[in-house]
Amino acid sequence: MSKDRLQSDLCAEKLKALGEPIRLRIIDLLRDGERTVSQIAEALEEEVVNISHHLGILYHARLVTKRKEGRFVVYNLHPEVAAVSKAGKQHLDFGCCRLEVPDA
């Protein structure tokens, strides 16, 4: 049997978590820095309960981290999800694959 260089199970979990447009929008927003659930909901014009649900999925897929700050939960991109810029192109590195970020 060949070695699983892609870490297929882990990669599939991450890609599945990214399969919803709102989750991609959350990831893109977090590229600019950490945010609370309320800040994310306001920026994306979504309900807080919806954002919380999607953040839970992203957290379990190890795409975002969270920490308590008083009564707020603050989310950030997971350290392994690197926002990298090469030759003027930005991309998100998920370990098993990369997502190129289109120019604004």
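Me: How does Arg 25 count by relative accessibility: buried, partly exposed or exposed?

Reply: This is a predicted model, in which local features need pLDDT of at least 70 and side-chain atom pairs count only at pLDDT 80 or more, while totals for chains, interfaces and linings use all residues. Residues are numbered from 1 along each chain as its sequence is written, and side-chain values use heavy atoms, with hydrogens and water left out. Buried means under 20% relative accessible area, exposed means over 50%, and partly exposed lies in between (1.4 Å probe, protein chains only). Arg 25 has 39% relative accessibility, so the residue counts as partly exposed.

Me: Which residue forms a salt bridge with Arg 25?

Reply: Side chains of opposite charge can pair when their charged atoms come close. A salt bridge is a side-chain nitrogen of Lys or Arg within 4 Å of a carboxyl oxygen of Asp or Glu. For Arg 25, the closest N and O atoms are 4.0 Å apart, and the partner is Glu 46.

Me: How many residues apart are Arg 25 and Glu 46 in the chain?

Reply: Helices (H or I, at least four residues) and strands (E, at least two) are DSSP runs, numbered from the N terminus. Arg 25 is in helix H2 (residues 21-30), and Glu 46 is in the loop between helix H3 (37-44) and helix H4 (48-60). The pair links distant parts of the chain, and the separation is 21 residues.

Me: What is the distance between the closest N and O atoms of Arg 31 and Asp 28?

Reply: Arg 31 is partly exposed at 26% relative accessible area, and Asp 28 is partly exposed at 36%. The two form a salt bridge, and the distance between their closest N and O atoms is 2.7 Å.

Me: Which residue is linked with Glu 34 and Arg 67 in a network of salt bridges?

Reply: Glu 34, in the loop between H2 and strand S1 (35-36), is 33 residues from Arg 67 in strand S2 (residues 64-69). Their side chains meet in a salt bridge of 2.5 Å, N to O. The network of salt bridges that holds Glu 34 and Arg 67 also includes Glu 69.

Me: What angle do H2 and H4 make where they pack?

Reply: Two packed helices are described by the angle between their axes and the distance between the axes. Axes are lines fitted to C-alpha atoms, for helices over the stretch in contact, and angles run from 0 to 180 degrees between N-to-C directions. Residues of H2, including Ile 22 and Ile 26, meet residues of H4, among them Ile 51 and Leu 55. The axes of H2 and H4 are 10 Å apart, at an angle of about 80°.

Me: Is His 78 buried or exposed?

Reply: His 78 is in the loop between strand S3 (72-77) and strand S4 (82-86). Not counting residues up to four places away in sequence, His 78 touches Arg 62, Leu 63, Val 64 and Thr 65, where contact means heavy atoms within 4.5 Å. With 16% relative accessibility, His 78 counts as buried.

Me: What is the relative accessible area of Pro 79?

Reply: Pro 79 is also placed in the loop between S3 and S4. The C-alpha atoms of Pro 79 and Leu 63 are separated by 8.5 Å. Pro 79 is exposed, and its relative accessible area is 67%.
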